[in-house]
Amino acid sequence: MNKTVDTIARACIAVRVRMLNRIITGIYDDVLRPLGLKASQMNTLVVTSKLGVARTAQVGELLQLDASTLSRNVERMMANGWLAVVPGEDGRSQPFRITPKGTALLEKAVPAWRQAQKKAAAILGEQGVAAVNQAVKK
């Protein structure tokens, strides 16, 4: 059993990816923090901006987020005035859109995003960035 435990501790892809996620997310969160923004919120703003009118399930699928996590984030972002509800055809869903305040924040965040992108790319290296892009495509 000790040999198996050692192998898992040394080579588990899931653990390595989770660690890498925390490291890379931390880089983005650190540079976005002065704007009151997190990387996950910026991604939601970007996807919402691209979609025009978004639905939680649609954004969750695109960002691979569960509905409850995304709903909490969207509620906070609405409270900050970055997103706004668009009245839906049926009363069940609440589509939303990015507000002018959210768009301005997104534009203001671009230099910080570029800084984080450069730092993350330096950590991953050219081959690492290519591997991440290829894995996400699958």
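Reply: The chain has 20 positive and 10 negative charges, and their mean positions lie 6 Å apart. Here Lys and Arg count as positive and Asp and Glu as negative, while His and the chain ends are not counted. Each charge is placed at NZ of Lys, CZ of Arg, CG of Asp or CD of Glu.

The model is predicted, so to speak of local features requires pLDDT of at least 70 and side-chain atom pairs count only at pLDDT 80 or more, whereas totals for chains, interfaces and linings use all residues. Residues are numbered from 1 along each chain as its sequence is written, and side-chain values use heavy atoms, with hydrogens and water left out.

The predictor's confidence in each residue, pLDDT, runs from 0 to 100. Its average over the chain is 92, and 96% of the residues score at least 70.

The chain holds six helices and two strands, in the order α-α-α-α-α-β-β-α. These are DSSP runs numbered from the N terminus: helices are H or I with at least four residues, strands are E with at least two. Of the 138 residues, 27% are buried. Buried means under 20% relative accessible area, exposed over 50%, and partly exposed in between, with a 1.4 Å probe and protein chains only.

The expected span of a helix is 1.5 Å times one less than its number of residues. For the 20 residues of α2 this gives 28 Å, which agrees with the 28 Å between its end C-alpha atoms. Buried in α2 are Ile24, Ile27, Tyr28, Asp29, Val31 and Leu32. The buried residues of this helix pack against α3 (39-51) and α6 (100-137), where contact means heavy atoms within 4.5 Å.

The α6 side can be followed through Ala116, which sits in that helix. Ala116 counts as buried because its relative accessibility is 0%. Leu20 is 96 residues from Ala116 in sequence, and their C-alpha atoms are 14 Å apart.

For the wider setting, residues 24 or more positions apart account for 50% of the chain's contacts with a separation of 6 or more.
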